[in-house]
Amino acid sequence: MTTKKFLNNAYELDSVEQTLAFYKKWADSYDEEITDNGYASPLRTAEALLACNPQLNSPVLDIGCGTGMSGLFLQHAGFTELHGSDFSAQMLALAKEKGLYHSLHQADLNDPFDFITRQYHTVTAIGVMAPGHAGPQLIESVLALMEPGGLFGFSMNDHTLEDPGYQAEIDRLIKARQIRVRWSEYGDHLPQITLNSIIMVIEKLA
Ligand SMILES: C[S@@+](CC[C@H](N)C(=O)[O-])C[C@H]1O[C@@H](n2cnc3c(N)ncnc32)[C@H](O)[C@@H]1O
């Protein structure tokens with residue numbers, strides 16, 4: 001029996017409810033399908049963060065951690081204490097099985113991050129800043145969770161980049177001297193479907 005494919009439909013989601021229902025169905029075959037398609041953004045984000053001299057032993061918050069594919073590469077890069085959040089119970093259950101995260105929280109990233117009780121030096125959102133997932137406003141919400149000098153590493157794929165709102169928000173925060181860009185590189189996201197992404201690391205300034 002052929003496993004049902006989901007990837008191409010991931011870019012046609014336009015409500016939180018649709019996205020939640022979509023990941024509920026995709027969870028069990030997610031790792032296999034994105035690995036088969038050469039998912040490169042987690043490794044590229046981990047490497048970009050390493051190039052920015054991160055605090056490897058400080059807790060990292062991996063927003064939209066899904067099944068933990070992002071955590072796998074963060075752990076390989078040397079980050080020692082990972083915490084994850086996602087709104088999909090099915091994706092989180094698979095992340096839990098991987099045993100990578102010190103804590104996992106079921107939370108919608110459009111809600112206030114009420115489960116956060118400390119400030120983070122490093123936050124990641126890999127494969128999460130996208131239409132039907134997280135909008136540009138996520139960046140400012142993440143900055144509120146971070147210490148000055150903290151690093152936020154994220155990917156924005158070609159579909160995300162079609163919406164000028166994400167880059168406009170980054171430009172606004174640079175102009176307001178709230179962030180500086182430490183890393184920005186365009187390259188592979190899912191090479192088997194010829195989809196690229198920008199990996200960006202921004203530093204919180206104040
Ligand atoms: C493409 S997956 C990326 C997962 C993981 N970071 C990775 O690199 O494999 C996107 C994840 O974002 C989560 N997500 C999408 N919208 C969300 C929301 N509003 N609140 C919380 N999580 C959300 C999904 O449940 C899914 O696990």
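In helix 2 (41–51), the residues Ser41, Pro42, Arg44, Thr45, Ala46, Ala48 and Leu49 are buried. A residue is called buried if 20 or more other C-beta atoms lie within 10 Å of its own, exposed if 12 or fewer do, and partly exposed in between, with C-beta atoms placed from the backbone. Helices (H or I, at least four residues) and strands (E, at least two) are DSSP runs, numbered from the N terminus. The model is predicted: local features need pLDDT of at least 70, side-chain atom pairs count only at pLDDT 80 or more, and totals for chains, interfaces and linings use all residues. Residues are numbered from 1 along each chain as its sequence is written.

The buried residues of helix 2 pack against helix 3, strand 4 (120–125), strand 5 (146–157), strand 6 and strand 7. Contact here means that the C-beta atoms of two residues, placed from the backbone, lie within 7 Å.

Strand 5 can be examined through Ser155, which lies in that strand. Ser155 counts as buried because 26 other C-beta atoms lie within 10 Å. Leaving aside neighbours within four places in sequence, Ser155 is in contact with Ser41 and Thr45 as well as Ile126, Gly127, Met129, His189, Ser197 and Ile199. Ser41 and Thr45 are also among the buried residues of helix 2.

Helix 2 is followed by Asn53, whose phi is positive, near 55°. In general, most residues other than glycine have a negative phi. Asn53 is placed in the loop between helix 2 and strand 1 (60–63). This residue counts as exposed because it has 9 C-beta neighbours inside 10 Å. Ser58 is found in the loop between helix 2 and strand 1 as well, and it is partly exposed because 16 other C-beta atoms lie within 10 Å. Not counting residues up to four places away in sequence, Ser58 touches His121 and Thr122. From Ser58 to Gln75 the separation is 17 residues in sequence and 12 Å in space, C-alpha to C-alpha.

A positive phi is found also at Thr194, where the value is near 50°. Thr194 belongs to the loop between strand 6 (179–190) and strand 7 (195–204). With 9 other C-beta atoms within 10 Å, Thr194 is therefore exposed.

The next region is helix 1. Helix 1 (residues 16–36) packs with helix 4 (residues 89–98) at an angle of about 30°, their axes lying 7 Å apart. Helix 1 is therefore roughly parallel to helix 4. The axes are lines fitted to C-alpha atoms, for helices over the stretch in contact, and angles run from 0 to 180 degrees between N-to-C directions. Angles under 35 degrees count as roughly parallel, over 145 as roughly antiparallel, 65 to 115 as roughly perpendicular and the rest as oblique. Tyr23, Lys24 and Ala27 of helix 1 make the contact with Gln90, Met91 and Leu94 of helix 4. By class, four of these residues are nonpolar, one is polar and one is charged. In this division Ala, Val, Leu, Ile, Met, Phe, Trp, Tyr, Cys and Pro count as nonpolar, Asp, Glu, Lys and Arg as charged, and the others, Gly among them, as polar. Trp26 is also found in helix 1, and it counts as buried because it has 22 C-beta neighbours inside 10 Å. The C-alpha atoms of Trp26 and Gln90 are separated by 8.9 Å, although the two residues are 64 apart along the chain.

Helix 1 also gives the most to the shell around the ligand, with three residues. Helix 1 and helix 3 (69–77) each supply at least two residues of that shell. Of the 20 residues around the ligand, Gly64, Gly66, Met69, Phe87 and Gly127 come nearest; a residue is near a molecule or strand if its C-beta atom, placed from the backbone, lies within 6 Å of it. The shell divides into 10 nonpolar, eight polar and two charged residues.

The chain as a whole has seven helices and seven strands. From the N terminus on, these elements run α-α-β-α-β-α-β-β-α-β-α-α-β-β. Buried residues make up 40% of the 206 residues. Among contacts between residues at least 6 apart in sequence, 69% join residues at least 24 apart. Along its principal axes, the C-alpha trace spans about 55 × 35 × 30 Å.
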